[in-house]
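Dear colleague,

I am handing over the structure below, together with an account of what was found in it. Please read the account with the structure open beside you.

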Amino acid sequence: LNGDTNKIKYTMPAMGNLTGAVSYQDSGVAGTTDETSIGAQYSMDNLTVGWSRIEAETASGTKYSESTNMGIKAVFGATTVIASAGDHITATEDRENVGFGVKQALDGGMHIAASMVESEDEYDKTAAGLTEKLTASHIEMGYSIAPGLSAFVSYSNYDYENGTNNDNAEADDDGTISKLVIKASF
(Lines give C-alpha, C1' and ligand atoms only; values in the text may rest on other atoms or scores of the structure.)
Protein backbone atom coordinates (compact mmCIF):
# COMPACT_ATOMS: atom_id res chain seq x y z
CA LEU A 1 0.00 0.00 0.00
CA ASN A 2 1.16 3.53 -0.68
CA GLY A 3 0.44 4.44 2.95
CA ASP A 4 3.00 1.93 4.28
CA THR A 5 5.74 4.45 4.99
CA ASN A 6 8.25 4.17 7.80
CA LYS A 7 10.03 7.17 9.25
CA ILE A 8 12.77 7.43 11.80
CA LYS A 9 13.85 10.74 13.33
CA TYR A 10 16.62 11.68 15.72
CA THR A 11 16.60 15.04 17.49
CA MET A 12 19.91 15.74 19.15
CA PRO A 13 19.94 17.06 22.68
CA ALA A 14 20.68 20.78 22.72
CA MET A 15 24.41 21.46 22.89
CA GLY A 16 24.52 24.94 24.29
CA ASN A 17 22.71 27.07 21.72
CA LEU A 18 22.87 24.44 18.94
CA THR A 19 19.92 22.17 18.11
CA GLY A 20 19.48 19.78 15.22
CA ALA A 21 17.62 16.81 13.82
CA VAL A 22 17.92 14.19 11.09
CA SER A 23 15.20 11.97 9.64
CA TYR A 24 14.82 9.23 7.06
CA GLN A 25 11.55 8.16 5.46
CA ASP A 26 11.25 4.85 3.59
CA SER A 27 8.20 5.14 1.36
CA GLY A 28 7.58 1.40 1.66
CA VAL A 29 6.77 0.75 -1.99
CA ALA A 30 9.21 0.06 -4.83
CA GLY A 31 9.34 2.92 -7.32
CA THR A 32 8.20 5.57 -4.84
CA THR A 33 10.30 8.27 -3.22
CA ASP A 34 12.36 7.92 -0.03
CA GLU A 35 13.51 11.04 1.79
CA THR A 36 16.43 12.08 4.01
CA SER A 37 16.27 15.39 5.91
CA ILE A 38 18.75 17.16 8.15
CA GLY A 39 18.53 20.52 9.87
CA ALA A 40 20.29 22.62 12.49
CA GLN A 41 19.70 25.88 14.32
CA TYR A 42 22.03 28.03 16.36
CA SER A 43 20.83 30.88 18.57
CA MET A 44 22.94 33.40 20.43
CA ASP A 45 21.68 36.59 22.07
CA ASN A 46 19.75 38.39 19.34
CA LEU A 47 20.87 36.17 16.44
CA THR A 48 19.40 32.90 15.11
CA VAL A 49 20.86 30.96 12.15
CA GLY A 50 19.15 27.94 10.59
CA TRP A 51 20.04 25.45 7.86
CA SER A 52 18.22 22.46 6.36
CA ARG A 53 18.71 19.96 3.53
CA ILE A 54 16.29 17.45 2.03
CA GLU A 55 17.19 14.77 -0.52
CA ALA A 56 14.61 12.49 -2.10
CA GLU A 57 15.34 9.47 -4.26
CA THR A 58 13.44 6.54 -5.73
CA ALA A 59 13.87 3.05 -4.30
CA SER A 60 16.25 2.25 -7.18
CA GLY A 61 18.57 5.02 -5.95
CA THR A 62 17.78 7.55 -8.69
CA LYS A 63 17.92 11.08 -7.28
CA TYR A 64 14.51 12.71 -7.48
CA SER A 65 15.08 16.09 -5.82
CA GLU A 66 17.27 18.02 -3.43
CA SER A 67 16.68 21.24 -1.54
CA THR A 68 18.89 23.33 0.71
CA ASN A 69 17.67 26.31 2.74
CA MET A 70 19.38 28.68 5.14
CA GLY A 71 18.24 31.72 7.02
CA ILE A 72 19.32 34.26 9.59
CA LYS A 73 17.25 36.37 11.96
CA ALA A 74 18.61 39.28 13.98
CA VAL A 75 16.70 41.34 16.53
CA PHE A 76 17.99 44.77 17.48
CA GLY A 77 15.56 46.23 20.02
CA ALA A 78 12.39 47.08 18.08
CA THR A 79 13.89 46.05 14.72
CA THR A 80 13.86 42.52 13.32
CA VAL A 81 15.84 41.63 10.17
CA ILE A 82 15.51 38.29 8.35
CA ALA A 83 17.41 37.00 5.31
CA SER A 84 17.12 33.64 3.57
CA ALA A 85 18.46 31.72 0.59
CA GLY A 86 17.73 28.32 -0.84
CA ASP A 87 17.70 26.09 -3.86
CA HIS A 88 15.55 23.29 -5.22
CA ILE A 89 16.82 20.91 -7.91
CA THR A 90 14.91 18.19 -9.77
CA ALA A 91 15.13 16.73 -13.28
CA THR A 92 13.11 19.73 -14.56
CA GLU A 93 13.88 22.46 -12.00
CA ASP A 94 17.00 24.34 -10.91
CA ARG A 95 15.53 27.07 -8.70
CA GLU A 96 17.48 29.50 -6.54
CA ASN A 97 15.63 31.75 -4.09
CA VAL A 98 16.69 34.70 -1.96
CA GLY A 99 14.62 36.78 0.41
CA PHE A 100 15.02 39.66 2.81
CA GLY A 101 12.69 41.29 5.29
CA VAL A 102 12.72 43.94 8.00
CA LYS A 103 10.11 44.81 10.63
CA GLN A 104 10.15 47.89 12.85
CA ALA A 105 7.91 48.09 15.92
CA LEU A 106 6.55 51.58 16.49
CA ASP A 107 4.93 53.26 19.47
CA GLY A 108 1.25 52.62 20.21
CA GLY A 109 1.10 49.00 19.03
CA MET A 110 2.01 49.78 15.42
CA HIS A 111 4.61 48.24 13.15
CA ILE A 112 5.89 48.68 9.62
CA ALA A 113 7.46 45.86 7.63
CA ALA A 114 8.97 45.36 4.18
CA SER A 115 10.18 42.27 2.35
CA MET A 116 11.38 41.12 -1.04
CA VAL A 117 11.90 37.74 -2.65
CA GLU A 118 13.45 36.60 -5.91
CA SER A 119 13.17 33.10 -7.36
CA GLU A 120 14.94 32.09 -10.56
CA ASP A 121 14.87 28.77 -12.43
CA GLU A 122 18.01 28.23 -14.53
CA TYR A 123 16.50 25.08 -16.09
CA ASP A 124 13.96 27.18 -17.99
CA LYS A 125 16.53 29.45 -19.66
CA THR A 126 15.79 30.78 -23.14
CA ALA A 127 18.33 30.93 -25.95
CA ALA A 128 18.58 34.67 -25.22
CA GLY A 129 19.56 33.89 -21.60
CA LEU A 130 16.21 34.76 -19.98
CA THR A 131 15.13 32.45 -17.14
CA GLU A 132 11.85 31.72 -15.42
CA LYS A 133 11.89 34.35 -12.68
CA LEU A 134 9.61 35.74 -10.00
CA THR A 135 10.43 38.97 -8.18
CA ALA A 136 8.09 40.28 -5.49
CA SER A 137 8.16 43.01 -2.86
CA HIS A 138 5.79 43.72 -0.01
CA ILE A 139 5.23 46.52 2.49
CA GLU A 140 2.86 46.39 5.44
CA MET A 141 1.70 48.57 8.29
CA GLY A 142 -0.04 46.96 11.25
CA TYR A 143 -1.88 48.29 14.27
CA SER A 144 -3.06 46.51 17.40
CA ILE A 145 -6.52 48.02 17.95
CA ALA A 146 -7.28 46.08 21.14
CA PRO A 147 -6.21 42.74 22.66
CA GLY A 148 -7.03 40.14 20.00
CA LEU A 149 -7.99 42.72 17.35
CA SER A 150 -5.49 43.98 14.72
CA ALA A 151 -5.60 45.82 11.42
CA PHE A 152 -3.10 45.50 8.56
CA VAL A 153 -2.70 47.53 5.37
CA SER A 154 -0.36 46.06 2.76
CA TYR A 155 0.87 46.66 -0.76
CA SER A 156 2.58 43.99 -2.89
CA ASN A 157 4.24 44.25 -6.28
CA TYR A 158 5.27 41.23 -8.40
CA ASP A 159 6.85 40.47 -11.77
CA TYR A 160 6.83 36.97 -13.31
CA GLU A 161 8.82 36.01 -16.44
CA ASN A 162 8.08 32.59 -17.94
CA GLY A 163 11.42 31.89 -19.62
CA THR A 164 10.88 28.56 -21.42
CA ASN A 165 8.80 26.99 -18.61
CA ASN A 166 6.83 24.17 -20.21
CA ASP A 167 5.44 22.97 -16.85
CA ASN A 168 2.50 25.33 -17.25
CA ALA A 169 1.01 27.72 -19.76
CA GLU A 170 1.63 30.78 -17.60
CA ALA A 171 2.46 33.89 -19.58
CA ASP A 172 4.67 36.69 -18.32
CA ASP A 173 2.74 38.65 -15.71
CA ASP A 174 3.15 41.56 -13.35
CA GLY A 175 0.91 43.50 -11.06
CA THR A 176 0.14 44.91 -7.66
CA ILE A 177 -2.09 43.84 -4.78
CA SER A 178 -3.38 46.11 -2.01
CA LYS A 179 -5.13 44.74 1.08
CA LEU A 180 -6.83 45.85 4.25
CA VAL A 181 -7.16 43.01 6.76
CA ILE A 182 -8.90 43.06 10.12
CA LYS A 183 -7.81 40.10 12.27
CA ALA A 184 -9.65 38.93 15.38
CA SER A 185 -8.29 36.26 17.74
CA PHE A 186 -10.43 34.62 20.40
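I72 counts as partly exposed, because its relative accessibility is 38%, and this places it between the limits of 20% for buried and 50% for exposed. Please keep in mind from the start that this is a predicted model. I72 belongs to strand β5, which covers residues 63-76, and, once its neighbours within four places in sequence are set aside, it is in contact with L47, T48, V49, V81, I82 and A83. Between I72 and W51 there are 9.0 Å in space from C-alpha to C-alpha, although the two are 21 residues apart in sequence.

As for the chain as a whole, it has 11 strands and 0 helices, so that reading along the sequence gives the pattern β-β-β-β-β-β-β-β-β-β-β. The chain has 186 residues, of which 19% count as buried, and its accessible surface comes to about 12,000 Å², with 58% of that belonging to carbon and sulfur atoms. Among the contacts between residues at least 6 apart in sequence, 32% join residues that are at least 24 apart.

W51, mentioned above for its distance from I72, also takes part in a nonpolar patch on the surface, which it forms with Y10, V22, I38 and M70, and which has about 480 Å² of accessible area together. One of these residues, I38, is found in strand β3, and it counts as partly exposed because its relative accessibility is 41%.

Of its members, D159 lies in strand β10, residues 149-161, and it counts as partly exposed because its relative accessibility is 31%.

Turning to the salt bridges, a search of the whole structure finds 4 of them, and in general terms, side chains of opposite charge can pair when their charged atoms come close. R53, E55 and E66 are linked in a network of such bridges. E66 counts as buried because its relative accessible area is 15%, whereas E55, with 29%, is partly exposed.

Another salt bridge joins the side chains of E93 and R95, again given from N to O, at 3.2 Å. Here E93 is buried, because its relative accessible area is 12%, while R95, at 29% relative accessibility, counts as partly exposed.

Finally, which residue has a positive phi although it is not a glycine? That residue is D45, with a phi of about 50°, and the point deserves a look, because most residues other than glycine have a negative phi. D45 is placed in the loop between β3 (33-44) and β4 (47-58), and it counts as exposed because its relative accessibility is 78%.

With kind regards

Terms used:
Residues numbered from 1 in each chain as written. Predicted model: local features only at pLDDT ≥ 70, side-chain atom pairs only at ≥ 80, totals over all residues. Heavy atoms only, no water. Helix = DSSP H or I, 4+ residues; strand = E, 2+ residues; numbered from the N terminus. Buried < 20%, exposed > 50% of the residue type's maximum accessible area, 1.4 Å probe, protein only. Contact = heavy atoms within 4.5 Å. Patch = residues over 30% accessible without salt bridge, like charges linked within 9 Å, V, L, I, M, F, W, Y side chains within 5 Å. Areas by Shrake-Rupley, 256 points an atom, 1.4 Å probe, with all protein chains shown as cover.
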